[in-house]
Amino acid sequence: MIPVVILLCLIIITLLILFLMGRMYRNKKEIHKFKPSQYNIPFKEVRFLAKNNCSLYGWWIPSGGNLAESNQTILLVHGWNRNLGRMMPYIRQLSGKGFNLFAFDARNHGSSDTDGLSSMPKFAEDIKSAMDYLFANLIKNESRIGIIGLSMGGSAAIYAASTDKRINR
């Protein structure tokens with residue numbers, strides 16, 4: 001009888017730990033408060049598909065205002081529990097400096113769809129989806145791509161750059 005009680009206690013403790021971990025690492029999904037247009041920066045709102053058929057939300061900020069005049073693009077990736085609005089200081093500093101900029105909300109963040117729990121590999125998959133969208137719709141194949149990532153977005157950017165040859169190192 002005692003081994004059964006011990007086993008039940010271990011199962012209950014394990015379930016409680018899993019529940020608490022899920023609550024602790026769940027994102028507070030908040031939508032951005034500012035847009036580039038509030039700083040007189042022309043941009044285009046875009047949506048594109050990621051893994052599991054999730055829709056990701058992003059901002060395309062071409063170097064020439066309405067046209068992508070540059071062959072250099074910087075992908076901007078926010079961190080855990082953030083959204084693309086966190087990249088606004090970088091957008092304000094880099095816009096008008098000869099780079100196209102592309103910021104997006106990763107799954108479970110900002111205005112993008114939810115998809116279970118977030119993780120660094122999911123962030124990296126979202127970077128790959130952003131790259132696919134960029135090359136299919138917004139930039140030419142000979143373009144150079146760099147990434148600025150913050151926190152979890154930085155880790156995912158390093159991982160994505162190690163596996164995706166389209167990202168310049």
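Buried means under 20% relative accessible area, exposed means over 50%, and partly exposed is in between (1.4 Å probe, protein chains only). This is a predicted model, in which local features need pLDDT of at least 70 and side-chain atom pairs count only at pLDDT 80 or more, while totals for chains, interfaces and linings use all residues. Residues are numbered from 1 along each chain as its sequence is written, and side-chain values use heavy atoms, with hydrogens and water left out.

View 1. Helices (H or I, at least four residues) and strands (E, at least two) are DSSP runs, numbered from the N terminus. Read from that end, the elements follow the pattern α-β-β-β-α-β-α-β-α. The C-alpha trace spans about 75 × 35 × 25 Å along its principal axes. Of the 169 residues, 43% count as buried.

**View 2. Five strands make an open sheet in the order β1-β2-β4-β3-β5, with mixed pairing.** At the edges stand β1 (44–49) and β5 (144–149), each with a single partner strand, so one side of each has no neighbour in the sheet. From one strand to the next, the twist averages 25° (axes are lines fitted to C-alpha atoms, for helices over the stretch in contact, and angles run from 0 to 180 degrees between N-to-C directions). Two strands pair if DSSP finds at least two bridges between them. Strand β2 (residues 55–61) and strand β4 (residues 100–104) are antiparallel partners over four bridges. Gly-58 has Phe-104 as its bridge partner in β4.

**View 3. Thr-73 sits in strand β3 (residues 72–77).** Thr-73 is buried, at 1% relative accessibility. Contact here means heavy atoms within 4.5 Å. Neighbours within four places in sequence aside, Thr-73 is in contact with Trp-60, Asn-100, Leu-134, Ile-139, Arg-144, Ile-145 and Gly-146.

**View 4. Ser-129 is found in helix α3 (residues 120–138).** With a relative accessible area of 11%, Ser-129 is buried. Not counting residues up to four places away in sequence, Ser-129 touches Phe-48, Leu-49, Ala-50 and Lys-51.

**View 5. Glu-45 and Lys-35 form a salt bridge, their closest N and O atoms being 3.1 Å apart.** A salt bridge is a side-chain nitrogen of Lys or Arg within 4 Å of a carboxyl oxygen of Asp or Glu. Glu-45 lies in strand β1 and Lys-35 in the loop between α1 and β1, so the pair ties together parts that are 10 residues apart in sequence. Glu-45 is partly exposed, at 41% relative accessible area, and Lys-35 is partly exposed at 29%.

**View 6. Arg-107 and Glu-125 meet through their side chains in a salt bridge (2.7 Å, N to O).** Since Arg-107 lies in the loop between β4 and α3 and Glu-125 in helix α3, the pair ties together parts that are 18 residues apart in sequence. Arg-107 is buried, with a relative accessible area of 2%, whereas Glu-125 is partly exposed at 26%.

**View 7. Lys-128 and Asp-132 form a salt bridge, with the closest N and O atoms 3.1 Å apart.** These two residues are four apart in helix α3, so about one helical turn separates Lys-128 from Asp-132. Lys-128 is partly exposed, with a relative accessible area of 45%, and Asp-132 is partly exposed with 33%. Elsewhere, salt bridges that share partners join Lys-51, Arg-107, Asp-115, Lys-122, Glu-125 and Asp-126 into one network.
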